[in-house]
Amino acid sequence: METKPPTARALAREAVHASILAAARSRLTHEGPAQLALRAVARDVGMVSSAVYRYFASRDDLLTALLVLDYDELGAAVEAADAALDRDDVAGRWSAVCRAIRTWAVAHPGDFALLYGSPVPGYVAPPSTIEPASRTTHVLIRVVADAWTAGRRGARPAPTSPPGELQAAIGDAVVYMREQGIAPDLPDELVLRVLMAWTTVFGVVSFELFGHTVGAVSDDTAYFDHVVARLADDLGITGPGTTGVG
């Protein structure tokens, strides 16, 4: 069945919707997520607040739309970085996807703060944000899983704690990977290291964006690359693509 082109009315509505989101993202950068207000966004786009409510029923609806937009944008950037390299180049892919996270975050500090900063008081993200939020994480996991497969399921690592204790700590992550079919065969120890790498990558970016490395890190880009290379080694990902420093 032939799809009808959108009407002028629908296109106009999409344009206004996009302008509201753009104004809200600008507010995120200059004021932070907790200060976001529909009235202020309405002023920025030259609308009365009652008109904005026809697009977003509440501030929470606007925050949810921003979360989905940002998660999808970050996820798309990471997926593109991964897809640009040969699948067998797991070292290069690991470096590329980690750098894509940092590149997007540095370009969109307000959006990053919404996704990974302090929770907005009174706001609870709905289930509709879960799938977009998972896109970046799934790419990181797949790279590690491919490295594990390429290493004949034994490139890493030796257990460092009793299996029962580890399961009690990270059992939710193990179950999630199996249920989602992302990397159902990863040993628990490697799942732990994936969690450590995931939180470290985003933690390093957060410290940079929120000014916590001032006086300690002279070159944020070089420091990030060194961290990524050491995480790769800890995950059993080896090769020239993991260094990236020079």
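H138 counts as buried, with a relative accessibility of 15%, where the cut-off for buried is under 20%. This residue belongs to helix α7. The model is predicted.

**H138 and its contacts**
- Leaving aside residues up to four places away in sequence, H138 touches Y176, Q180 and I182.
- Helix α7, which holds H138, spans residues 130–150 and is one of the helices that the buried residues of α10 pack against.

**Helix α10**
- Helix α10 runs over residues 220–235, a total of 16 residues.
- From first C-alpha to last, α10 reaches 22 Å, close to the 22 Å expected at 1.5 Å a residue.
- At the start of the helix, a side-chain oxygen of D219 comes to within 3.1 Å of the backbone nitrogen of T221.
- After α10 comes G236, which has a positive phi near 85°.
- The buried residues of α10 are F224, D225, V227, V228, A229, L231, A232 and L235.
- An α-helix has 3.6 residues a turn, so residues three or four places apart point the same way.
- The partners of these buried α10 residues are α5 (90–107), α7 (130–150) and α9 (188–209).

**Largest nonpolar core**
- The largest nonpolar core has 68 residues, and L62, W94, L186 and I237 touch the most other members.
- Helix α5 supplies the largest share of this core, with 10 residues.
- Helix α5 is also among the helices packed against by the buried residues of α10.

**Helix pairs involving α4**
- Two packed helices are described by the angle between their axes and the distance between the axes.
- Helix α4 (residues 59–83) packs with helix α6 (residues 109–116) at an angle of about 105°, and their axes are 10 Å apart.
- Angles of 65 to 115 degrees count as roughly perpendicular, and α4 and α6 are therefore roughly perpendicular to each other.
- On the α4 side of this pair are L63, L66, L67, D70, Y71 and L74, which meet D111, L114, L115 and Y116 of α6.
- Helix α1 (residues 8–31) crosses α4 at roughly 85°, with the axes coming within 11 Å.
- In the contact between them, α1 contributes I20, L21, A24, R25 and L28, while α4 contributes L62, A65, L66, L69, D70 and E73.
- L66 and D70 of α4 take part in the contact with α1, and L66 and D70 also meet α6.

Methods: Residues numbered from 1 in each chain as written. Predicted model: local features only at pLDDT ≥ 70, side-chain atom pairs only at ≥ 80, totals over all residues. Heavy atoms only, no water. Helix = DSSP H or I, 4+ residues; strand = E, 2+ residues; numbered from the N terminus. Expected span 1.5 Å × (residues − 1). Buried < 20%, exposed > 50% of the residue type's maximum accessible area, 1.4 Å probe, protein only. Contact = heavy atoms within 4.5 Å. Polar contact = N/O pair within 3.5 Å; in protein donor to acceptor, adjacent residues only side chain to side chain. Core = buried A, V, L, I, M, F, W, Y, C linked by side-chain atoms within 4.5 Å. Axes fitted to C-alpha atoms, helices over the stretch in contact; angles between N-to-C directions. Parallel < 35°, antiparallel > 145°, perpendicular 65-115°, else oblique.
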